[in-house]
Amino acid sequence: MSALDLIIKNADIATATESFIGDIGVRNGRIALLGDLGTGAARVIDAEQRLVTPGGVDAHCHLDQPMSDGSVMADDFSTGTVSAACGGTTTAIPFACQIRGQSVRAAVDDYHQRAHGKPVIDYAFHLIVTDPTPDVLERELPELIGEGYTHFKIYMTYDDLKLKDREILDVLALARREGALPMIHAENDDCIAWLTDILEEAGKIAPRFHSDARPPVIEREAAHRAISLAELIDVPVLIVHVSSNAAMSQIQKAQGRGIRIYAETCPQYLFLTADDLAAPGFEGAKCICSPPPRSVEDQMHIWRGLRTGVFQVFSSDHAPFSFDDPKGKRNAGQNAKFRAVPNGVPGIETRMPLLMSEGVLKKRIDIHQFVSLTATAPAKLYGLYPHKGTIAPGCDADLVIWDTNLDFVLTNGMLHHNVDYTPYEGMTLNAWPHIVLSRGDVIAKDGECQARPGRGRFHRSSSQLPVGLEHRKVA
Ligand code: URP
Ligand code: ZN
Ligand code: ZN
């Protein structure tokens, strides 16, 4: 057997199920051995008893995604993946979005072009299906699913993206036939439009009214409808960026009835509230995202959902629009109506440190839950496991060696995204990745990227059926 390329010594290793102290031996970018391995390798990194987890899989982020309103995302595959790497994420899954009238294949080809030569970490694509024509349903999607694009997002809101219930049924039936996993953005569009009109007529156009236009009940109704449609078709679905106890309760009830509903939440629903939208002037636009941040009580319920397994996935939903940018949050003007402000908050770099610091170190969740939520479960659900998402012989050596004894104040200046703010400015954190490895390469050290642009590899979903998705290829 050839020698090891790298040994990470004295690691406090955590997976989704186990913890053990040991060394990690790496050969050809993959984990070759675990145990007491001595120092017989070309390179040795002493972890000095630090916590070592699998590299993060950020299963919901938006990078260089074309926007229909003329706004431009601040991060492309270069800055977005550098930022991800510095925060401990070694695989990103952004979205190849079909523009209505366009083929899904054209969106995928365009997105590969956008990524070309840029990523410093590995990546996969979700699709976004906005125009489920007969050709898309009968030819394009089956072909793409067969090629390993096995997961796609559909929207119940946004004029340029939303599907009608009838179209959702068609898409869910396709997913069941072909063995794909639909991800659903659940908000009731008619309610949002109706409330927005009423608010605007009353002159309530400031960022803080964004949350009044999208109260929890409209997320609850849409989550319930999405679950009902999925139950009718008998296909598993994943509800993305769940923000409220109201929507979470629907998911929990469905799971309790044995319906295969998966769910994702994001840092903005743990660390921001509707009050952040009410910051002076236009400042609240920084936190405009959909669904909006909720109440402190909702935050506590979302923590409960992470702890008790209602949520399988913790993603950033990084949707980067700079604040002082005529193509960013000010795309529709200096003090635009909330309805015209591009939706989304940045967070690809802070996702893992926030959950480590506020979740694991404050004992709201345990380390195995952390690993499962940030890496193992998303890798499984999106067909990247076992290459990604765990620490075991044969897996890619995607690893985070953590510093967990820190005490520092987060500032946007520390971050590597191309966004001019972080919504988490001023938070005190106790953890940050010390060293991040991707396929055995050190790609980030103490908050500095050390990776060559374009080294990231594209991964298709494996055709191996992940646990929980055995519906695939049901006739
Ligand atoms: O406000 C958000 N979440 N923007 C990103 C797009 C989406 O719906 O995930
Ligand atoms: Zn969404
Ligand atoms: Zn999103």
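Let me begin with the shell around ligand 1, whose residues divide into four nonpolar, seven polar and two charged, where Ala, Val, Leu, Ile, Met, Phe, Trp, Tyr, Cys and Pro count as nonpolar, Asp, Glu, Lys and Arg as charged, and the others, Gly among them, as polar. What you see is a predicted model, in which local features need pLDDT of at least 70 and side-chain atom pairs count only at pLDDT 80 or more, while totals for chains, interfaces and linings use all residues. Residues are numbered from 1 along each chain as its sequence is written, chains are lettered from A and ligands numbered from 1 in the order in which they are written, and side-chain values use heavy atoms, with hydrogens and water left out.

Which residues come nearest to ligand 1? Of the 13 residues around the ligand, they are Lys153, His185, Ser290, Asp317 and Asn343, and a residue counts as near if one of its heavy atoms lies within 4 Å.

Now to the polar contacts, which with a ligand are pairs of N or O atoms within 3.5 Å. A polar side-chain atom of His60 lies 3.3 Å from an oxygen atom of ligand 1, a backbone N or O atom of Asn343 lies 3.3 Å from a nitrogen atom of the ligand, and a polar backbone atom of Gly344 is 3.4 Å from one of the ligand's oxygen atoms. Taken alone, ligand 1 exposes 270 Å², and the protein buries 93% of that, with areas computed by the Shrake-Rupley method with a 1.4 Å probe.

Let me turn to the backbone. The chain has 11 helices and 21 strands, both being DSSP runs numbered from the N terminus, with helices (H or I) of at least four residues and strands (E) of at least two.

Most residues other than glycine have a negative phi, and most peptide bonds are trans. A cis peptide bond, however, joins Ser290 and Pro291, with omega about -5°, and Pro291 is found in the loop between helix H8 (268-271) and helix H9 (296-308). Another cis peptide bond joins Tyr385 and Pro386, with omega about 5°, and Pro386 has its place in the loop between helix H11 (367-381) and strand E16 (399-403).

Methods
A polar contact is a pair of N or O atoms within 3.5 Å; within protein, one must be able to donate a hydrogen and the other to accept it, and residues adjacent in sequence count only if both atoms are side-chain atoms.
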